[in-house]
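Colleague: I'd like to learn how to read a model like this one, feature by feature. Could you walk me through it?

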Amino acid sequence: MYWGQSRRQKYQDSRHCDALGNPIHVQLSAGNVHDVKVAQEMLETVKLRPGMTVLADKDYGKWALREYIANHGADFCIPPKSNDPDPWYVDWWLYKERHLVETFFLKLKEFRRVATRYDKRAGRFLAFIHLACIRILLA
């Protein structure tokens with residue numbers, strides 16, 4: 001929230017992509033909520049199956065999320081933080097495929113309205129993100 005502007009709400013978007021970098025699910029959360037807190041809720045919409053691998057950055061390395069992914073039979077490729085007392089194995093060659101997700105984020109931020117978050121209402125912002133995702137899929 002900006003100082004002195006209580007009417008404007010800050011929000012962030014969380015996104016899931018498939019193996020080709022195409023969007024699967026987009027969800028808004030409050031700006032002060034860490035992404036790992038809504039990650040499990042988003043993974044429930046994807047329907048994890050055995051043989052699937054979840055690629056994520058170090059911020060998603062929380063034990064509860066890794067356990068959730070493993071309990072559903074999927075694998076995870078999430079590197080541990082440098083200060084983690086009990087690091088786990090990471091397939092770094094597989095982790096390099098995450099560039100497809102980052103490329104999708106760059107394509108999404110080409111839309112100025114998404115990058116600068118002009119919309120004051122969360123519903124309108126989410127609607128434009130959906131339009132931008134449709135445009136990316138059609139291109």
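Modeller: Gladly! Let's begin with contacts: of those between residues at least 6 apart in sequence, 40% join residues at least 24 apart. Keep in mind that this is a predicted model.

Colleague: Which pattern does the protein follow along the sequence?

Modeller: Reading along the sequence gives β-β-α-β-α-β-α-α-α-α. That makes six helices and four strands.

Colleague: And what share of the 139 residues counts as buried?

Modeller: The buried share is 34% of the 139 residues. As for the accessible surface, it comes to about 9,500 Å², with 54% of that belonging to carbon and sulfur atoms.

Colleague: Let's turn to charges. How many salt bridges does the structure hold?

Modeller: There are two. Arg98 pairs with Asp57, where the closest N and O atoms are 3.9 Å apart. Since a salt bridge requires the nitrogen to be within 4 Å of a carboxyl oxygen, that pair qualifies at 3.9 Å. Arg98 also meets Glu102 in a salt bridge, at 2.7 Å from N to O. Together, Asp57, Arg98 and Glu102 are linked in a network.

Colleague: Which parts of the chain does the pair of Arg98 and Asp57 tie together?

Modeller: Arg98 lies in the loop between H3 and H4, while Asp57 is in the loop between strand S3 (53-55) and helix H2 (63-71), so the bridge ties together parts 41 residues apart in sequence.

Colleague: Is Arg98 buried or exposed?

Modeller: Arg98 is buried, because its relative accessible area is 14% and the cut-off for buried is under 20%.

Colleague: Now the rings. How many aromatic pairs are there?

Modeller: The structure holds three. In one of them, the ring centres of Trp92 and Tyr95 are 5.6 Å apart and the planes stand at 85°, so the pair is edge-to-face. Both residues lie in helix H3 (residues 92-95), three residues apart, which is about one turn of the helix. Trp92 is partly exposed at 48%, whereas Tyr95 is buried at 16%.

Colleague: How are the rings of Phe111 and Phe128 arranged?

Modeller: Their centres are 6.2 Å apart with planes at 80°, so this pair is edge-to-face too. Phe111 sits in the loop between helix H4 (99-109) and helix H5 (112-116), and Phe128 in helix H6 (residues 122-138), so the pair links distant parts of the chain, 17 residues apart.

Colleague: Where does the charged end of Arg66 sit?

Modeller: Over the ring of Trp88, 3.6 Å from its centre. Likewise, Lys96 lies over the face of Trp93, at 4.0 Å from the ring centre.

Notes. Residues numbered from 1 in each chain as written. Predicted model: local features only at pLDDT ≥ 70, side-chain atom pairs only at ≥ 80, totals over all residues. Heavy atoms only, no water. Phe/Tyr/Trp six-rings, centres within 6.5 Å; stacked < 30°, edge-to-face > 60°. Helix = DSSP H or I, 4+ residues; strand = E, 2+ residues; numbered from the N terminus. Buried < 20%, exposed > 50% of the residue type's maximum accessible area, 1.4 Å probe, protein only. Lys NZ or Arg CZ within 6 Å of the ring centre and 35° of its normal. Contact = heavy atoms within 4.5 Å. Areas by Shrake-Rupley, 256 points an atom, 1.4 Å probe, with all protein chains shown as cover. Salt bridge = Lys/Arg side-chain N within 4 Å of Asp/Glu carboxyl O.
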